[in-house]
Amino acid sequence: MKFVPLALMLFTTASFAQGTLDLKANEQPIHTAKDPIAIGKIPQNYQFVEPGTLTVAISALNSPPLAMLASDNRTRIGSDPDIARLLADSLGLKLKLVPTAWEDWPLGITSGRYDVALVNIAVTEQRKTKFDFATYRVDSLAFSVKSDSEIQKIAGPADVSGLRIILGSGTNQEKILLGWNELNEREGRKPAQPIYLTDDASGNLYIQAGRADATFGPQSVAAYKAALTGKTRVVGLGPKKAYVATTTKKGNGLVYALQAALDGAVKRGEYQQVLDRWGEKGEEVAASEINPPGITYP
């Protein structure tokens, strides 16, 4: 099994550590112009949830740099809200952000509550049966531990044996950990204990209080926390790399307009501005791809 190089993790951590992340400045929206090519690809029969508005599901959790509350404690900021704004602007639409629990976005998309979901959703072969994807970032997963933890490295199944690992239910990281547990049990090692939490504050409390040994989640979030507080550190990356993508209902055709909007933002430079200001340089895509090969699991 091939592991993602550490260069991406180190680059992102370094960009935070150098103080390039200015949260107050990042509250100012990055806008872009209407994109006639993207607008022309909106299906004629597509009905937006609200006419003239792009309704986008984003994470309800405080998961910087992906999504978080601004200083007014109401406005959602982060790289995903910024990408959502570029999409809406490009399509000549208003933007409505809907904070959404991870467990709720699939039903919200299939039932028509949202036009698009941007909840750090990685493309998988299973998800492609129900949803269409337009890629906008490379996704890596990371293990984090308390800064004074004795754990120095997590690089494979043996390293998680017997550990208490915080992760989200229904996520790629859960599938990876459960697969590693099967390997550990076959080889006579104790499996890891998954701890399922849905809010970031509880995860931080569990790690700092010694109620969990490590967290397993998005690399950009792990790097942000490690650099911002110094209370945690990243000790390894997951074994798989995937694409994070805009997520829409299968077959409704909106994905082609979203792809064109992303490609336009890449060419004009606003896309790079978004990733740069949230410390995600190194996770960019050169062009958006529709329904690329997704993560598969044995």
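**Exercise 1.** State how the protein chain is divided into domains, and describe the contact of domain 1 with domain 2.

*Solution.* The protein chain is divided into domain 1 (31-138 + 243-278) and domain 2 (140-241), with bounds from an automatic or database domain assignment. The model is predicted: local features need pLDDT of at least 70, side-chain atom pairs count only at pLDDT 80 or more, and totals for chains, interfaces and linings use all residues. Residues are numbered from 1 along each chain as its sequence is written, and side-chain values use heavy atoms, leaving out hydrogens and water.

Step 1: the C-alpha centres of domain 1 and domain 2 lie 28 Å apart. Step 2: 16 residues from domain 1 and 14 residues from domain 2 form the contact (heavy atoms within 4.5 Å). Step 3: the two domains bury about 1,100 Å² between them, 54% of it on carbon and sulfur atoms; buried area is the accessible area (1.4 Å probe) lost on putting two parts together, summed over both.

**Exercise 2.** Determine how helix 9 and helix 3 are each oriented against helix 10.

*Solution.* Step 1: helix 9 (residues 254-268) and helix 10 (residues 270-277) pack at about 80°, with axes 5 Å apart. Helices are DSSP runs (H or I, at least four residues), numbered from the N terminus; axes are lines fitted to C-alpha atoms over the stretch in contact, and angles run from 0 to 180 degrees between N-to-C directions. Helix 9 is therefore roughly perpendicular to helix 10 (65 to 115 degrees).

Step 2: helix 3 (residues 79-90) packs on helix 10 at about 170°, with axes 9 Å apart. Helix 3 is therefore roughly antiparallel to helix 10 (over 145 degrees). Here Ser79, Asp82, Ile83 and Leu86 of helix 3 meet Glu270, Tyr271, Val274, Leu275 and Arg277 of helix 10.

Terms used
Helix = DSSP H or I, 4+ residues; strand = E, 2+ residues; numbered from the N terminus. Parallel < 35°, antiparallel > 145°, perpendicular 65-115°, else oblique.
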